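I opened this structure to take notes on a few places. The entries follow in the order in which I looked things up.

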Amino acid sequence: QVQLVESGGGLVQAGDSLRLSCVASGRTFESRAMAWFRAAAGEEREFVAAISSSGDTTRYYEAVKDRFTISRDNAKNTVYLQMDNLKPEDSAIYYCAADRFSTWTNTKVAWGQGTLVTVSS
């Protein structure tokens, strides 16, 4: 069973940067693709970025691809989301998720509890 714990959220101003972290328990992290999602207040959860198990392949939501970077450190069982030039519309609860497979197929096996990001204008 995979358990995920996010951290790194907070209150920042537009144009600032944040780095989110998601630490996974268990021995299967390095074989799983990982992703970040977000849910703004009153909105459904939406895909933000994904990374393959090896880190060689990444995918991004169009609205963030030039500002956010997903990465992972398999030695630390951790996936990161570097968010630069944040905008108020990036305000949301950010969740990480683990996939069943080594490339992202949206077959999620675990969710974290989320970390809140608030961007003021």
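**Aromatic cluster**

I began with the rings and found that ring pairs link Phe37, Phe47, Tyr95, Trp104 and Trp111 into a cluster. I note here that the model is predicted.

I searched the whole structure for aromatic pairs and got four. I looked at Phe37 and Phe47 and read 5.7 Å between the ring centres and 80° between the planes, so I logged this pair as edge-to-face. Phe37 belongs to strand β4 (residues 34-39) and Phe47 to strand β5 (residues 46-51), and the two are ten residues apart, so I wrote the pair down as a link between distant parts of the chain. I then looked up the burial of Phe37: its relative accessible area is 7%, so Phe37 is buried.

I went on to Tyr95 and Trp111, another edge-to-face aromatic pair, at 6.3 Å centre to centre with 85° between the planes. Tyr95 is in strand β9 and Trp111 in strand β10 (residues 108-111), so this pair ties together parts 16 residues apart in sequence. I looked up both for burial. Tyr95 has a relative accessibility of 12%, and because buried means under 20%, Tyr95 counts as buried. Trp111 has a relative accessible area of 35% and is partly exposed.

**Charges over rings**

I asked which charged end sits over the ring of Phe47. It is that of Arg59, 5.3 Å from the ring centre. I also noted Arg72, which lies over the face of Phe29 at 4.4 Å from the ring centre.

**Asp90**

Where in the chain is Asp90? I found Asp90 in the loop between β8 (78-83) and β9 (92-99). Is Asp90 buried or exposed? I read a relative accessible area of 1%, so Asp90 is buried.

I then listed the contacts of Asp90, leaving aside neighbours within four places in sequence. They are Arg38, Val64, Arg67, Phe68, Asn85, Val117 and Val119. Two residues on this list, Val117 and Val119, took me to strand β11.

**Strand β11**

I followed the side chains along β11 (residues 115-120) and saw that they alternate. Thr115, Val117 and Val119 point to one face and are buried.

I looked up which strands pair with β11. Strand β2 (residues 10-13) pairs with β11 in the parallel sense, over four bridges. Within that pairing, Val117 is the bridge partner of Gly10. Strand β9 runs antiparallel to β11, and three bridges join the two. Here I found Tyr94 opposite Thr115.

**A four-stranded sheet**

My last entry is on an open sheet formed by four strands, with antiparallel pairing. I wrote down the order as β1-β3-β8-β7. Which strands stand at the edges? They are β1 (4-7) and β7 (68-73); each has a single partner strand, so one side of each is left without a neighbour in the sheet. Neighbouring strands of this sheet are turned by 15° against each other on average, direction ignored.

I checked the partner of β1 as well. Strand β3 (residues 18-24) runs antiparallel to β1, and four bridges join them. I noted Val5 standing opposite Val23 in β3.

Note on methods
Residues are numbered from 1 along each chain as its sequence is written. This is a predicted model: local features need pLDDT of at least 70, side-chain atom pairs count only at pLDDT 80 or more; totals for chains, interfaces and linings use all residues. Side-chain values use heavy atoms; hydrogens and water are left out. Buried means under 20% relative accessible area, exposed over 50%, partly exposed in between (1.4 Å probe, protein chains only). Contact means heavy atoms within 4.5 Å. Two strands pair if DSSP finds at least two bridges between them. Rings of Phe, Tyr and Trp (its six-membered ring) pair if their centres lie within 6.5 Å; planes under 30 degrees apart count as stacked, over 60 as edge-to-face and the rest as tilted. A charge sits over a ring if NZ of Lys or CZ of Arg is within 6 Å of the ring centre and within 35 degrees of the ring normal. Axes are lines fitted to C-alpha atoms, for helices over the stretch in contact, and angles run from 0 to 180 degrees between N-to-C directions.
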